[in-house]
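Q: I'm new to reading protein models. Could you walk me through a few features one at a time?

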Amino acid sequence: MPLLKKPLRLIGFTAIAAVIAFAGWYYTRPKPLEVESVIIATGNVEATVVNTRAGTVKSCQRSNLAPIAGGQIAKIWVKEGDHVQKGQVLLELWNQDLLAQRELAQRQLAMAQERRRETCILAENARREAVRTQQLVEQGFVSSQRADDVNANARSRQASCEAAVTDIKRAEAQVRVAQAGLERTVINAPFSGVIAHISGELGEFTTPSPPGIPTPPTIDLIDDHCLYVTAPMDEVDAPKIKVGQEARITLDAMPDKIFPGRIRRIASYVTEIEKQARTVDIEVDFLQTPADVLLVGYSADIEVILQRKDDVLRIPTQAIRQNNKVWLVDSQNRLVEQSVETGLSNWSFTEVRSGLKAGDRVLIAFDKEGIKAGAAVQLKAQ
């Protein structure tokens, strides 16, 4: 019996030592790194370019209106913020003298029309008298001399009628001249829109701009129903951009909204501004009339969609390291350095052509110490 107890005690000591060793290893072993990861899946990938500096929302039509002639402002029919229709009178200068001239021209036209009516009636009566006289001459009742006198009178009356018609045309021209003079003192809306600014006041004098000296316009009219965005693009990206390409419009004033657009124009020259990158201006139309009220002058950004692929295997672009390598998490939650072949790419996603498959998990943040091949990781809760 004493001989059996000695081996049992040895076994017991060995077991205790093993437990102690295991406990020491367990509590001192490196803890798995907590990492952020994402599962590879299919989706859409786009190649895009964006503007280098902020763009601007502009109106398709915007006119700085001023009277053709100078004069004193007599009537302002609108106020700032009013919506007006095409042809609506906006402002009038003092024009009583021109109104009187037009009235005089209209009265002269009426007199000319009455005179024409009188002379042409007499001319028609003289023509009929000449016809009757000629018949009497043929019958021998009247001398040929009498017929010549009657014919001469008929021709004279007809000439007076034609002169009266010409006089009417002259009077009509005088009315048009007077009307044109009046129109030079009136500002009409060339298109429907909203009054943005009025710089003149009742009683003030306004004058046309002398050569080389710009004069502020009296009324600023904006068509607020037709808007587009103009933005500068880097000259390096300009050859990739084509008219008709789709684009996305974002506004600083509405950061949570994206408006679909389409490129309608690309400038035919490069803009060179000192101390700034050379750019090419593009214009983008809103594909749909925005439901929100947009103000002309809003700052805007343009993202031009150069190419799009649908339902392709993709990876967050931030997960790709130098030389197209990624950290792959294997089935034992250990890191494996994996090379991938990439395709179409943007700031958000990159197309994966080979090296990964759907369902693989890769790291999207790898700035922690201890990240290396074979390192154990613990996935951070999403």
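Q: Is cysteine 226 buried, partly exposed or exposed, and what is its relative accessible area?
A: Buried means under 20% relative accessible area, exposed means over 50%, and partly exposed is in between (1.4 Å probe, protein chains only). Cysteine 226 has a relative accessible area of 29%, so it counts as partly exposed. Keep in mind that this is a predicted model, where local features need pLDDT of at least 70 and side-chain atom pairs count only at pLDDT 80 or more, while totals for chains, interfaces and linings use all residues. Residues are numbered from 1 along each chain as its sequence is written, and side-chain values use heavy atoms, with hydrogens and water left out.

Q: How many disulfides does the structure hold?
A: A disulfide is a pair of cysteine sulfur atoms within 2.5 Å. The structure holds two.

Q: Which cysteine is joined to cysteine 60?
A: That's cysteine 226, with an S to S distance of 2.0 Å. Cysteine 60 sits in the loop between β4 (55-59) and β5 (62-65), and cysteine 226 in the loop between β12 (219-222) and β13 (227-234), so the pair ties together parts 166 residues apart in sequence. Those labels come from DSSP runs numbered from the N terminus: helices are H or I with at least four residues, strands are E with at least two. Cysteine 60 is partly exposed, at 28% relative accessibility.

Q: Is the link of cysteine 60 and cysteine 226 left-handed or right-handed?
A: Look at the angle about the S-S bond: here it is -65 degrees, and the link is left-handed.

Q: What about the disulfide of cysteine 120 and cysteine 161?
A: Their S to S distance is 1.7 Å. Cysteine 120 is in helix α2 and cysteine 161 in helix α3 (residues 144-183), so the pair links distant parts of the chain, 41 residues apart. The torsion about this S-S bond is about 85 degrees, so the disulfide is right-handed. Cysteine 120 is buried at 18% relative accessibility, and cysteine 161 is buried at 10%.

Q: What is the pairing if I number the bonded cysteines in sequence order?
A: You get 1-4, 2-3.

Q: Where is asparagine 95 found, and what does it touch?
A: Asparagine 95 is in the loop between β8 (89-93) and α2 (96-139). It counts as buried, at 5% relative accessibility. Contact means heavy atoms within 4.5 Å. Leaving out residues up to four places away in sequence, asparagine 95 touches Leu182, Thr185 and Val186.
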